[in-house]
Each structure stands twice: as C-alpha cells, then as structure tokens.
Amino acid sequence: MPPKSTKSNQSTGVTSSSGYLLTCDPPMKQFIMHLNDKKSADKKFILEDLDATHLLIKGDVRDEITRKVHEWMDENVFSTIERVGENLDTS
C-alpha cells in the first residue's frame with residue numbers, strides 16, 4: 001500500500017507526515033507497539049494508534065517492522081513435530 005500523505009497547513013501550524021496504515025490482529029499490534037516503546041523518543045515510529053487493529057506508522061520503518069514481525073513469528077510458531085507429549089506416530 002502506498003504511503004498516506006497529507007499537506008502541511010501553514011496557517012494553523014499543523015505539521016503532517018506520510019506513513020502507512022498497518023492492519024493486524026490485536027496480539028500483533030501489541031508486539032509492534034512493544035517494538036515502538038523500546039525505541040528512544042526521536043526514533044519512535046507509530047504516528048497514531050487508530051483502533052484495536054490499525055496503526056499509522058512512519059513509512060521509513062516499514063521494512064524493519066516486517067523483518068521484526070517475521071523473526072517474532074519464526075520464534076513463536078511451532079510445528080506438530082516440536083510439540084511435546086503428542087502422539088507423533090506417522091505410520
């Protein structure tokens with residue numbers, strides 16, 4: 001999805017920025033918010049928390065978030081072979 005962009009309004013003093021609308025489930029949103037909270041104030045990437053499943057994020061961190069989410073999912077998704085105590089008979 002291309003970045004959302006708004007124009008600056010000199011008369012009201014409102015500044016704007018471009019970003020991406022991120023849609024995800026609530027657990028994924030919490031993980032992304034955790035990533036944002038770990039950053040220093042000048043490096044935070046969430047522009048706005050819209051609702052339970054949507055965030056507006058800075059466009060320049062899209063690839064970083066995608067990479068971190070994939071890493072997190074790889075660490076937390078288990079196959080049936082890795083489960084303990086299940087009948088693993090494949091015959």
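Biologist: To start with, is Asp49 buried, partly exposed or exposed?

Modeller: Asp49 counts as partly exposed, because its relative accessibility is 41%; buried means under 20% relative accessible area, exposed over 50%, and partly exposed in between, with a 1.4 Å probe and protein chains only. A caveat on the source: this is a predicted model, where local features need pLDDT of at least 70, side-chain atom pairs count only at pLDDT 80 or more, and totals for chains, interfaces and linings use all residues. Residues are numbered from 1 along each chain as its sequence is written, and side-chain values use heavy atoms, leaving out hydrogens and water.

Now, Asp49 forms a salt bridge with Lys29, with 2.5 Å between the closest N and O atoms (a salt bridge is a side-chain nitrogen of Lys or Arg within 4 Å of a carboxyl oxygen of Asp or Glu). Lys29 sits in helix H1 and Asp49 in strand E2 (residues 46–51), so the pair ties together parts 20 residues apart in sequence. Helices (H or I, at least four residues) and strands (E, at least two) are DSSP runs, numbered from the N terminus. Lys29 itself counts as buried, at 6% relative accessibility.

The structure holds 3 salt bridges. Another one joins Glu64 to Lys39, the closest N and O atoms being 2.8 Å apart. That pair links distant parts of the chain, with Glu64 in helix H2 (residues 62–76) and Lys39 in the loop between H1 and E2, 25 residues apart. Then there's Arg67 with Glu71, at 3.3 Å from N to O; they are 4 residues apart in helix H2, so about one helical turn separates them.
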